[in-house]
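Please read the following report with the sequence and the structure side by side, and look up each residue as it is mentioned.

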Amino acid sequence: MDPLLFPIQELHAHLNGSISAATMKKLMAQKPDLRIQNEMITIDKGKKRNLEECFQMFRIIHQITSRPEDILMVTKDVIREFATDGVKYLELRSTPREEESTGMTKRMYVEAVLEGIKQCKEEGWDIDVRFLVSVDRSRGTAAAKETVKLAEDFLLSTDGVVVGLDLSGNPQAGHGRDFLEPLLEAKKAGLKLALHLSEIPKREDETRLLLGLSPDRIGHGTFLHASESAARDLVELVRQNRTPLELCLTSNLKGETVPSRAQHHFGFWYPLGHPVVLCTDDKGVFATELSQEYQLVAETFRLSDEQVWALCLDAINHIFASSHTKTKLREQWRMLKPTLLE
Ligand SMILES: [Zn+2]
């Protein structure tokens, strides 16, 4: 599958985790006193890290992206890299971060991301980019409320670039109940909700609470179908609502939440005809690309080119941009079909 000939949409990409090795090199060159080695921030082919170690890597990445100009540069590089991989529609997500050492505020952080998106558009990159503001569950309710307020401001002022809110961060930290109020507030304000759910086992109670918000998409949902028989209602609820799942094969394998490719929960949901969208999660940290994720899934679950094409087409239904954008993307897909499947 030639990635340049296979345009796709990426709906689950964390900005900091998506930074490529090449961009990391540029950042590290600017901050030699931090003495950070490459292997501390990417997991090469064949290697694994547990989830805790992955979050350790993010803390290091945050140290080298501490100024608005760093955020601008990484946003532009990440967008160009996705475009080069054939991605035509991208939803980036990131937690607004303040850095005392550099004077960067959360607002400046979001503005730098939006500036990066704007500049790529002006430079003529053939990719439509939107932004989801992330709530980091390890930072508590007060920070979440502040983030939601910021997201609401940008929802109103960016004319469709800021489209939603994401709940993410270390799943071991905090509890979903602490975020119900701010998430509900975001939903009422018109922000779409993409929530990381059931990333680790035995979180049925939290998952039930969060599903009560009727999220627009679910991140991972790795252990939804593996829950105890008493929690089978969770799978039923997700199926009834047809809530799309964002699935990230390489991320789950390298983060060691799924033991093997063949055991990935794509194999549970896809045969049910449930909407799933393939995504990278953190293409930099996990050393992957979206085209590679499609290839892996196609190989592992023996999907035909026609099925992969249909999977991409269905993913358009689950983007957070307007129906006008969906129609445009669908047209693009249909026009490209003969070239892609020949
Ligand atoms: Zn994620």
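D314 is partly exposed in this predicted model, because 14 other C-beta atoms lie within 10 Å of its own, and a residue would need 20 or more of them to count as buried. The residue is found in helix α12, which covers residues 305-315. Although D314 and R330 are 16 residues apart along the chain, their C-alpha atoms are separated by 9.2 Å.

L72 lies in helix α3, residues 68-84, and it counts as partly exposed, with 17 C-beta neighbours inside 10 Å. When residues up to four places away in sequence are not counted, L72 touches A112, E115 and G116.

E53, which lies in helix α2, residues 51-64, counts as exposed, since it has 12 C-beta neighbours inside 10 Å and the limit for an exposed residue is 12 or fewer. E53 and G255 are 202 residues apart in sequence, and yet their C-alpha atoms are 8.4 Å apart in space.

E199 is found in the loop between β5 and α7, and this residue is buried, with 20 other C-beta atoms within 10 Å. Leaving aside its neighbours within four places in sequence, E199 is in contact with P171, H220, T222 and T257. With R130, on the other hand, E199 forms a pair that is 69 residues apart in sequence and 24 Å apart in space, C-alpha to C-alpha.

The table sets these pairs next to one another.

| Pair | Separation in sequence | C-alpha to C-alpha distance |
|---|---|---|
| D314 and R330 | 16 residues | 9.2 Å |
| E199 and R130 | 69 residues | 24 Å |
| E53 and G255 | 202 residues | 8.4 Å |

What share of the contacts in the chain between residues at least 6 apart in sequence joins residues at least 24 apart? The share is 76%. The secondary structure of the chain comes to 13 helices and eight strands. The radius of gyration is 19 Å, close to the 20 Å that the globule rule gives for 342 residues, so the chain is as compact as a globular protein of that length. Along its principal axes, the C-alpha trace spans about 50 × 45 × 40 Å, and 47% of the 342 residues count as buried.

How buried residues can be arranged on a helix may be seen in α7, residues 204-211, where the buried residues are T207, L210 and L211. These residues cover an arc of only 100° around the axis, which puts them on the same side of α7. Among the elements that cover the buried residues of α7 are the strand β5 (192-197) and the helix α8 (232-241).

Two further helices can be considered together. Helix α5, residues 140-157, and helix α6, residues 180-188, pack with their axes 9 Å apart and at an angle of about 10°. The two helices are therefore roughly parallel to each other, because an angle counts as roughly parallel when it is under 35 degrees. On the side of α5, the residues T141, A144, K145, V148 and A151 take part, and they meet P182, E185 and A186 of α6. Sorted by class, the contact of α5 with α6 has five nonpolar, one polar and two charged residues.

Finally, the backbone of two residues deserves attention. Most residues other than glycine have a negative phi. R242 is not a glycine, but it has a positive phi of about 50°. D281, which is not a glycine either, has a positive phi of about 75°.

Which of these two residues is buried and which is exposed? R242, found in the loop between α8 and β7 (245-247), counts as exposed, with 11 C-beta neighbours inside 10 Å. D281, which lies in the loop between β8 (276-278) and α11 (290-300), is buried, with 28 other C-beta atoms within 10 Å.

Definitions and conventions
Residues are numbered from 1 along each chain as its sequence is written. This is a predicted model: local features need pLDDT of at least 70, side-chain atom pairs count only at pLDDT 80 or more; totals for chains, interfaces and linings use all residues. Helices (H or I, at least four residues) and strands (E, at least two) are DSSP runs, numbered from the N terminus. The radius of gyration is taken over C-alpha atoms; the globule rule is 2.2 Å times the number of residues to the power 0.38. Two residues are in contact if their C-beta atoms, placed from the backbone, lie within 7 Å. The arc is that of the directions from the helix axis to the C-beta atoms. Axes are lines fitted to C-alpha atoms, for helices over the stretch in contact, and angles run from 0 to 180 degrees between N-to-C directions. Angles under 35 degrees count as roughly parallel, over 145 as roughly antiparallel, 65 to 115 as roughly perpendicular and the rest as oblique. Ala, Val, Leu, Ile, Met, Phe, Trp, Tyr, Cys and Pro count as nonpolar, Asp, Glu, Lys and Arg as charged, and the others, Gly among them, as polar.
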